[in-house]
Amino acid sequence: MRQIATTDSFVSAVGGPVTNVEQKPERLHALDAVRGFALLLGIVLHATLSFIPSPTRIWIIQDSHPSITLGVLFFVIHVFRMTTFFLIAGFFARLSFHRRETWGFIGDRLQRIALPLLVGWPILFAVMGVVVYWAASFPNGGPLPGPPRWPPVLPKFPLTHLWFLYVLLEFYVAVLVLRAGVVWLDQNGRVRDRVDRLVGLVMRSRFAPALLAVPIGIALCLDPTWIGWLGVQTPDSSLVINLQALMCYGTAFGIGWLLHRQIDLIRILEQRWLLNLVLATVLIAASFLLAGASTLRPRPVNYETIRLAGAVCYALAIWTTTFGAIGLALRFLSDFSPARRYLADASYWLYIIHLPILMALQVAVSQLDWPWPVKFGAIMLVALPLMFASYQFLVRYSFLGAVLNGRRVRRGGQLGPTAAADSAAV
């Protein structure tokens with residue numbers, strides 16, 4: 001079994017550097033890759049939105065050439081992407097907390113998470129507002145009335161795609177308060193030992209994905225407005241996190257935190273990567289079919305049964321795919337790769353800036369008489385080089401890069417390691 005390395009520059013999802021006993025910083029290459037790919041998959045997911053076939057418009061612009069293929073791609077990515085991200089975020093949150101201690105951790109999170117949110121949100125929101133106004137001049141474009149929300153009383157606030165930063169801050173506050181209470185009440189450590197044993201039993205069980213799926217499964221079943229096509233309701237339009245997101249992403253963050261207490265448990269995911277991915281494929285396919293059946297008009301007489309079955313399959317798919325993706329990375333991506341490291345470093349910046357760029361390109365091609373593969377390819381081929389160029393020339397060695405990823409220096413004109421040894425924040 002390969003030894004798990006710690007990381008200096010990967011404390012993405014929440015952390016700072018960690019060094020081994022010889023003080024030689026290393027990276028958790030596999031988890032680094034998962035975190036970066038999860039953010040980059042978000043860019044792909046948002047690029048598909050204008051092409052998803054739907055009887056009602058679900059995005060600021062509906063392309064004249066919809067694609068069921070891109071609809072399936074959206075569905076698959078949305079199943080596991082953010083759950084995977086938040087599990088890794090919780091894992092490295094605890095790593096960073098014990099390296100920096102309480103006030104150092106708080107200061108680091110304010111710099112790397114709160115500051116990009118406070119500064120980036122008004123700028124990006126203003127640009128997206130302009131694009132939405134432009135889209136309104138096209139057929140099937142403009143502001144959306146918004147999907148039905150449950151419960152409907154949550155106060156509205158458009159967090160856009162930066163909602164994950166706001167939710168991370170909420171989870172940091174919650175875990176710091178909870179940890180302080182546990183340490184005060186459990187001074188002999190007996191409760192924590194029992195929790196560790198419970199987590200070990202769950203993770204070693206072959207039913208671990210099913211056990212962890214219970215909270216989000218209940219939340220989906222209790223929501224009479226739940227739409228299988230859209231999966232977990234993202235908390236992007238309110239400062240109060242909805243029940244689905246809390247159950248799904250809160251569970252993932254908490255499990256990640258607890259897994260760091262017993263780091264060897266993540267090797268179980270490596271051992272079961274193939275089993276989890278096979279189960280995930282079956283469950284995603286079942287969820288997709290049930291989501292389609294639930295949209296039939298007139299509704300089938302057993303509609304409620306279909307909806308509940310879809311919720312159960314979707315909840316199970318979330319955790320089997322999350323475990324499968326992490327296990328796959330641990331199995332095949334544990335070695336160092338300069339390309340993967342660069343992608344992981346760049347992914348945070350790319351994700352922050354990508355949405356208004358994609359939106360503008362989607363509007364620009366929406367009415368062209370091109371087949372959807374050409375349109376989708378054009379959007380990605382314009383957006384990605386532009387975003388990577390902005391990272392390389394404006395961010396990587398600048399003040400922005402120091403805020404997001406830790407300060408980097410050039411060595412002899414070559415790409416150098418992080419001088420501050422801090423890396424990405426998410």
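## Helices and overall make-up

A helix here is a DSSP run of H or I at least four residues long, and helices are numbered from the N terminus. Glu101, for example, lies in helix α2. The model is a predicted one.

The protein chain has twelve helices and two strands. Along the sequence, the elements follow the order α-α-α-α-α-α-α-α-α-α-α-α-β-β. The chain has 426 residues, and 52% of them count as buried. Among contacts with a separation of 6 or more, 79% are between residues 24 or more positions apart. The accessible surface of the protein chain is about 19000 Å², and carbon and sulfur atoms account for 70% of that area.

## The nonpolar core

The largest nonpolar core contains 112 residues, and Phe86 and Phe164 have the most contacts inside it. Helix α2, which covers residues 68-135, gives the most to this core, with 26 residues.

Which residues does Phe86 touch, leaving aside its neighbours within four places in sequence? The contacts of Phe86 are Trp163, Phe164, Val167, Leu168, Phe171, Tyr249, Ala252 and Phe253.

## Helix lengths and a kink

Helix α1 (residues 29-48) has 20 residues, so at 1.5 Å a residue it should span 28 Å; its end C-alpha atoms are 29 Å apart, which agrees. α1 is mostly covered, with 16 of its 20 residues buried. Helix α11 (residues 372-395) also agrees with expectation, because its 24 residues should span 34 Å and its end C-alpha atoms are 33 Å apart. The buried residues of α11 are Lys375, Phe376, Ile379, Met380, Ala383, Met387, Ser390, Tyr391, Gln392 and Val395.

Helix α10 (residues 338-365) falls short of a straight helix: its 28 residues would reach 40 Å at 1.5 Å a residue, but the end C-alpha atoms are only 34 Å apart. Where in α10 does the kink lie? The kink is at His354, shortly before the proline Pro356, and amounts to about 50 degrees. Like α1, α10 is described as mostly covered; in α10, 21 of the 28 residues are buried.

Arg307 is placed in helix α9, which runs over residues 303-332. Is Arg307 buried or exposed? Arg307 counts as buried because its relative accessibility is 5%, and the cut-off for buried is under 20%. Not counting residues up to four places away in sequence, Arg307 touches Leu220, Cys221, Asp223, Pro224 and Trp226. Of these, Trp226 is 81 residues from Arg307 in sequence, while the C-alpha atoms of the two are 8.2 Å apart in space.

Gly228 is found in the loop between α5 (208-222) and α6 (243-261). With a relative accessibility of 6%, Gly228 counts as buried. Leaving aside neighbours within four places in sequence, Gly228 is in contact with Phe75, Ala291 and Tyr314. Gly228 and Leu289 are 61 residues apart in sequence, with 9.5 Å between their C-alpha atoms.

## Cysteines

How many disulfides does the chain have, if a pair needs its sulfur atoms within 2.5 Å? The count comes to zero. Cys221, one of the residues touched by Arg307, is partly exposed because its relative accessible area is 23%. Cys248 counts as buried because its relative accessibility is 0%.

## Residues with positive phi

Most residues other than glycine have a negative phi. Glu101 and Asn140 have positive values.

Glu101 has a phi near 70 degrees. Glu101 itself is exposed, because its relative accessible area is 58% and exposed means over 50%.

Asn140 has a phi of about 55 degrees. Asn140 is found in the loop between α2 and α3 (163-185). Asn140 counts as partly exposed because its relative accessibility is 47%, which lies between the cut-offs of 20% and 50%.

Terms used: Residues numbered from 1 in each chain as written. Predicted model: local features only at pLDDT ≥ 70, side-chain atom pairs only at ≥ 80, totals over all residues. Heavy atoms only, no water. Core = buried A, V, L, I, M, F, W, Y, C linked by side-chain atoms within 4.5 Å. Buried < 20%, exposed > 50% of the residue type's maximum accessible area, 1.4 Å probe, protein only. Contact = heavy atoms within 4.5 Å. Expected span 1.5 Å × (residues − 1). Bend = angle between axes of the 7 residues up to and from the residue. Areas by Shrake-Rupley, 256 points an atom, 1.4 Å probe, with all protein chains shown as cover. Disulfide = S-S within 2.5 Å.
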